[in-house]
Amino acid sequence: MATNLTPLEELFYQECLKAGNNGLTSTDFSGIHPDSPVMDTAIAMNSLLGRGFIEVFQVRGEQVYKALKKEEIGKAGALQGEEQVVYNTIRASGNEGIWTKHLKSKTNLHEAVIKRCLRALEQKALVKAIKSVKHPTRKLYMLMELTPSVEVTGGPWFTDQELDVDFVEQLTNQCYKYILMKSFPRDASCIFTSTHSAYPSAAMVRKYIMDKRISQVDLSVDDITMLLDVLVYDGKVERFIAQVDEDWDDEDMDTDSDWVYKAVRDKKAESAWQDCPCGVCPVADFCTEGGPVNPAGCNYYNKWLDF
């Protein structure tokens, strides 16, 4: 891996790489390589730690060693002492970032020392300070090259830690209009058959939004699903499982793409009766059992049920 490592250092580093995120203890290494002298192994571990090839953390009171990736070695290896400890702790937080109070509890360093290290790391462009929409008063730190998670930034719905209400309302309305357009025939006197399967999914709604350039922000299917959930909670649309093939199994429904959406009729005129032929039948008042117009011989029902 690197020509400046001794054979034992190289061996220990490679074993840490194999262990992955679970890490490797000195006991594990001794079990794999029982012929390696304990003292020499300890010297090799300390050398790798000091040069930033591995990091150490505590698991149930035992020290566990984890190998750093190649792109991380140069940065961590250039740091020494407390700065390296602070940097490694920030890096471990990933794209969620870490609050200075939590940083203090994890490193056991004095607050003044942490502030000094953070200033040094920011000057070296290794870490950056960000704000969280969940905790606006807290300053979080993460590695410079990382993009904050949606939990931190609030996703596309937030601008400068503020909810963009107009943007959300505009998109929600456009989603509803598209679903409404796909839910009922243009002729108000007609209805879809019971086998109608053209109700849109979240992926179809996203395609419509992006194709029409309604949003300049690249939205994911998950983002659109959030908006559709709002419409469901508001009672404007209903969600149900899409029509599937005869060989479909319940285990196949493992993604949101299996759900489709249908607009709910205007509350003033809403009735379950309107979704069957009787609700729009022009001679419903004359329909009686055994009469010239009767339910058993209804052509509207036969067409609706797709007999």
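Over which residues does pLDDT stay under 50, and how many contacts beyond four places in sequence does the model have for them?

1. The model is predicted, and the stretch in question is residues 246-256, where pLDDT stays under 50. For this stretch the model has seven contacts beyond four places in sequence. Where pLDDT is low, predicted coordinates should not be read in detail.

2. For the chain, the mean pLDDT is 78. Residues that reach 70 or more make up 78% of the chain.

3. Helix 10 spans residues 202-211, and its buried residues are Ala202, Val205, Tyr208 and Ile209. Viewed down the axis of helix 10, these buried residues fall within an arc of 120°, so they line one face of the helix. An α-helix has 3.6 residues a turn, so residues three or four places apart point the same way.

4. What do the buried residues of helix 10 pack against? Their partners are helix 9 (165-183), helix 11 (221-233) and strand 9 (259-263).

5. Lys207 and Asp211 lie on the other side of helix 10, and both are exposed. Just after helix 10 comes Arg213, which takes a positive phi of about 55°.

6. Are Cys117 and Cys175 buried or exposed? Cys117 has 0% relative accessibility and therefore counts as buried. Cys175 likewise counts as buried, because its relative accessibility is 0%. With a cut-off of 2.5 Å between cysteine sulfur atoms, the count of disulfides comes to zero.

Conventions:
Residues numbered from 1 in each chain as written. Predicted model: local features only at pLDDT ≥ 70, side-chain atom pairs only at ≥ 80, totals over all residues. Heavy atoms only, no water. Buried < 20%, exposed > 50% of the residue type's maximum accessible area, 1.4 Å probe, protein only. pLDDT = per-residue confidence, 0-100. Contact = heavy atoms within 4.5 Å. Helix = DSSP H or I, 4+ residues; strand = E, 2+ residues; numbered from the N terminus. Arc of directions from axis to C-beta.
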